[in-house]
Amino acid sequence: MAAAHTVALFGQPVFAGVYLSGDYDALGWHAAGADTVTSLGYLQLVAALVCRIRLRRSWPLAGAFAVAVAESVQYFAGLGGALWLHLPLGVATIAATVVLTIALWRTPLPPRRPARREDDRA
């Protein structure tokens, strides 16, 4: 989920750049990308919650929550035309998401416990 979120997030500056180059239809692409990226961020938050419950690791949930909050603020800053906040927060969000995704991929899963059989008495 984190990798898909990161890949989708990298499309946003491209769409914004195309728009700023004079192709005004790209603003619609940027808006659709914002919907997609924000939705993937919320799905990543749900996946991190499952990770917290199943693996008892809290840092993926904390990171996903911080990214989801930043993306939500950025989303509404973009809708409101507050580019002074939207642009730098976009850069920070991409950087944070890349760091989080790398950390998730580099962290090994805990070893599996062998399944208990009914005849085990322990």
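A crossing of two helices is called left-handed if the near helix is turned anticlockwise from the far one by less than a right angle. Keep that in mind while you look through these close-ups of a predicted model.

**Figure 1. Helices α2 and α3 cross in a left-handed way.** The axes of α2 and α3 come within 8 Å and cross at roughly 160°. Angles over 145 degrees count as roughly antiparallel, and α2 and α3 are therefore roughly antiparallel to each other. Which residues of α3 meet α2? They are P60, L61, A64, F65, A68, E71, S72 and Y75. On the α2 side, the partners include A34, V37, Y42, L45, C51 and R52. Sorted by class, this contact between α2 and α3 has 13 nonpolar, four polar and three charged residues.

**Figure 2. Helix α3 spans residues 59-79.** Several side chains to look for are buried, among them P60, A64, V67, E71, Q74 and A77. What do the buried residues of α3 pack against? Their partners are α1 (2-20), α2 (26-55) and α4 (83-106). Just after α3 comes G81, with a positive phi of about 80°.

**Figure 3. A closer look at V67 in helix α3.** Is V67 buried or exposed? Its relative accessible area is 6%, and buried means under 20%, so V67 counts as buried. Leaving out residues up to four places away in sequence, V67 touches H5, T93, A96, T97 and L100. Now find Q44 as well: V67 and Q44 are 23 residues apart in sequence, and their C-alpha atoms are 9.6 Å apart in space.

**Figure 4. R56 sits in the loop between α2 and α3.** This view zooms in on one residue of the loop. R56 is a residue other than glycine, and its phi is positive, near 60°. How exposed is R56? Its relative accessibility is 66%, and exposed means over 50%, which means that R56 counts as exposed.

**Figure 5. Helix α1 and its buried residues.** Now move to α1, which has 19 residues. From its first C-alpha to its last, α1 reaches 28 Å, close to the 27 Å expected at 1.5 Å a residue. Just after α1 you will find G22, which takes a positive phi of about 115°.

**Figure 6. Helices α1 and α2 also make a left-handed crossing.** The axes of α1 and α2 come within 9 Å and cross at roughly 160°. That angle makes α1 roughly antiparallel to α2. On the α1 side of the contact, look for residues including H5, L9, Q12, F15 and Y19. In α2, the residues they meet include L27, W29, H30, V37, L40 and Q44. How many charged residues does the contact of α1 with α2 have? There are no charged residues in it, but 14 nonpolar and six polar ones.

Terms used
Residues numbered from 1 in each chain as written. Predicted model: local features only at pLDDT ≥ 70, side-chain atom pairs only at ≥ 80, totals over all residues. Heavy atoms only, no water. Helix = DSSP H or I, 4+ residues; strand = E, 2+ residues; numbered from the N terminus. Expected span 1.5 Å × (residues − 1). Buried < 20%, exposed > 50% of the residue type's maximum accessible area, 1.4 Å probe, protein only. Contact = heavy atoms within 4.5 Å. Axes fitted to C-alpha atoms, helices over the stretch in contact; angles between N-to-C directions. Parallel < 35°, antiparallel > 145°, perpendicular 65-115°, else oblique. Nonpolar A, V, L, I, M, F, W, Y, C, P; charged D, E, K, R; others polar.
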